[in-house]
Amino acid sequence: MERSTIVRVHEGLHARPATRFVKLAKSFESDVEVVKDGKAVSAKSSVKLMLLSVKEHQEVTVRANGADAAEAVEALIGYLENPRAGLEEDSGSEAIRAPTAEVFPASPPPLADEAPKGRMRGIAASEGAAIGKAFAHFPKEIKPEPRKLAAGETGAETTRLHVAVAQVRDRMAKALAEATLAESDRAIVAALMDIAGDEALIESAQGWIAQGMDAVSAVIGATDAAAAEFSAVEDSYLRARSDDIHAVGRQLALALLGEEDADLSAAPPGAILVADDIGAWDLARAPLKRIGGVICGKGGATSHIAIIARSHGIPAVLGLGEQVFDLASATDIAIDGAGGWVAADPDEATRAEIARLSQEASKEAAALAAFKDTVPTRADGTVIEVAANLGSLEEIDAAKEAGAMGVGLFRTELLFMRHTHLPSEDLQAETYATLAKAFAPYPVIIRTLDIGGDKPVAGIEFPEEDNPFLGWRGIRMCLDRPDIFKTQLRALLRAAVNGNIKVMLPMVAEIGEVERTKVLIEECAAELAAAKTAFARFELGVMIETPAAVLIAPVLARHVAFFSIGTNDLTQYIMAADRLHPALARLNDVTNPAVMAAIEMTARAAVQAGIMVGMCGEAAGRPDLAPRFVRMGLTELSMSPSSIRRAKKAIAEAVVS
Ligand code: PEP
Ligand code: MG
């Protein structure tokens, strides 16, 4: 029994739709296969199904053999033709997870200057001094010595495999049942659980055992082979799935060995997390309130780990290189995030120094408390807005507590990366509205999606790029994908009924990009009006982060309501120096005269045109530079919440005219 059809599933058979399709297939007894371009795979294996890479508008055949073959074919074809039918009753929790992005893969070597005896020097990534229990997170590589099974042993070894699968899935099911599990984590665990029970994967491991291989080696072999298939496909989202399969292979092997990985949530209060590398999104999901410091072999000052640590006020020293492995066996660790050094099992002198630094920090924090509600003004009475850079709604409270006068940059990409599918218009509208309400009447500037080829997102296929920073990212990608862009613009128009939302475009290099965006905004407004959905217009601005935008700033200023200078990217593009390249840190300096000239040119163009100019790059939070930027004409500076009070103080105390 078989039938062919044209696939109407918008995202193709990836991620959540693949999981739903497999679940449906498994509800039938018959053997079911999906055939595309002559290649047939089991419809009951999401791993195999995803590898078939079925896209919307492609033709596939569903083939079934068994007692309920006709019903199976009808139901599965029905799903492919109308995937939204019956969606409401599906909890949707079983989905392939959004990728854990290795946002900045560079691994800076330790800095050359000598550290005092007993200390290691790295990159000062987030200030704060602390001593805490070391919490080493170095998942050990499992490299089993393959063992040849004796004849008659294969049955028992297969049983061991099944017990391990059940154990791992059981542990994951328990985690899913935890009420405290965040929605984003839920999707990840559900996806891993799905892979752990994947019949093609288990059959493959069983095959290795049948040939006389021990279960641990068989599991590693089977998952390595499946992961390699994923690594070889063109689709960047699918390629990133190979990590999920490795993760499952690891869990199964550990279960077989009777071992467990250290769980970040087991870190004791005040623990100093020591790792060679940790994904920014893994860190964002860790119990940050309990973490006293972060030390990594990899990473740099503008890596997302650093940005997350700063926004949570956690001291961080990154880029320690190989030295970090020497910290693995320490009991206590001292960290000075501002000085960029760490020490294992600190001696009395080091303990005294950390105590002095923390005392000074507490004294400074107490002095800065007075500036929480300060509203810095220029001599002419113009208010300088000191706002927060945020990436998620969870950061709202800390930003308000710090004294944020609104949000100068909301990075919407986290919302896209956290989910297993593109966030819906409703979810986006709700998120943006929550943010607007939290900071009203202060403005909230939401940046449209700024994502590049180095950060895969479920539902967006990125080409392989030699230079992702110079590639298909930000506004370029959005204008090429109006389906994604218009969903976000409609959500922004809807949230703008709150009155305090502004929108800015990243990576702008041409006036045409602004003009084309305005056409799309008008289309969205007309669609919302036709649907009788409430919406309001918002002010549209651009980020100034390309040299082209600086050079055309006087013209650009006639097309937009405001500028926000993105110094992180502007510096790297002006200096032609990758912002993450460890050897180019010296060139990536905002105070370089060339970069300062670009900032000044931008400010002058905005002031002359009478539009607002602000800054949301990391430089905005530097107390030594903030008064200078204000003197240039900037009236808004947006930064990590932890920098807000100090910046307010610096501006308020400077003689600014
Ligand atoms: C910038 O480039 O300065 C900026 C704020 O954007 P991001 O750091 O997100 O690229
Ligand atoms: Mg940028």
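Trainee: How many Å is an oxygen atom of ligand 1 from a polar backbone atom of Gly 566?

Mentor: A polar contact is a pair of N or O atoms within 3.5 Å, and here an oxygen atom of ligand 1 is 3.3 Å from a polar backbone atom of Gly 566. This is a predicted model, in which local features need pLDDT of at least 70 and side-chain atom pairs count only at pLDDT 80 or more, while totals for chains, interfaces and linings use all residues. Residues are numbered from 1 along each chain as its sequence is written, and ligands are numbered from 1 in the order in which they are written.

Trainee: Which side chain has an N or O atom 2.8 Å from an oxygen atom of ligand 1?

Mentor: That side chain belongs to Arg 447, and a backbone N or O atom of Asn 568 also lies 2.8 Å from an oxygen atom of ligand 1. The protein covers 96% of the 290 Å² of accessible area that ligand 1 has on its own, as given by the Shrake-Rupley method with a 1.4 Å probe.

Trainee: Which residues are the protein donors of the magnesium ion, ligand 2?

Mentor: Donors are N, O and S atoms within 2.8 Å of the metal (3.2 Å for Na, K and Ca), and for this ion they come from Glu 545 (OE) and Asp 569 (OD), at 2.1 to 2.3 Å. Glu 545 sits in the loop between strand E17 (539–544) and helix H18 (547–551), whereas Asp 569, 24 residues apart from it, belongs to helix H20 (residues 567–575); helices are DSSP runs of at least four residues and strands of at least two.

Trainee: Are these two residues buried or exposed?

Mentor: Both Glu 545 and Asp 569 are buried, meaning under 20% relative accessible area, with exposed being over 50%.

Key
Heavy atoms only, no water. Buried < 20%, exposed > 50% of the residue type's maximum accessible area, 1.4 Å probe, protein only. Polar contact = N/O pair within 3.5 Å; in protein donor to acceptor, adjacent residues only side chain to side chain.
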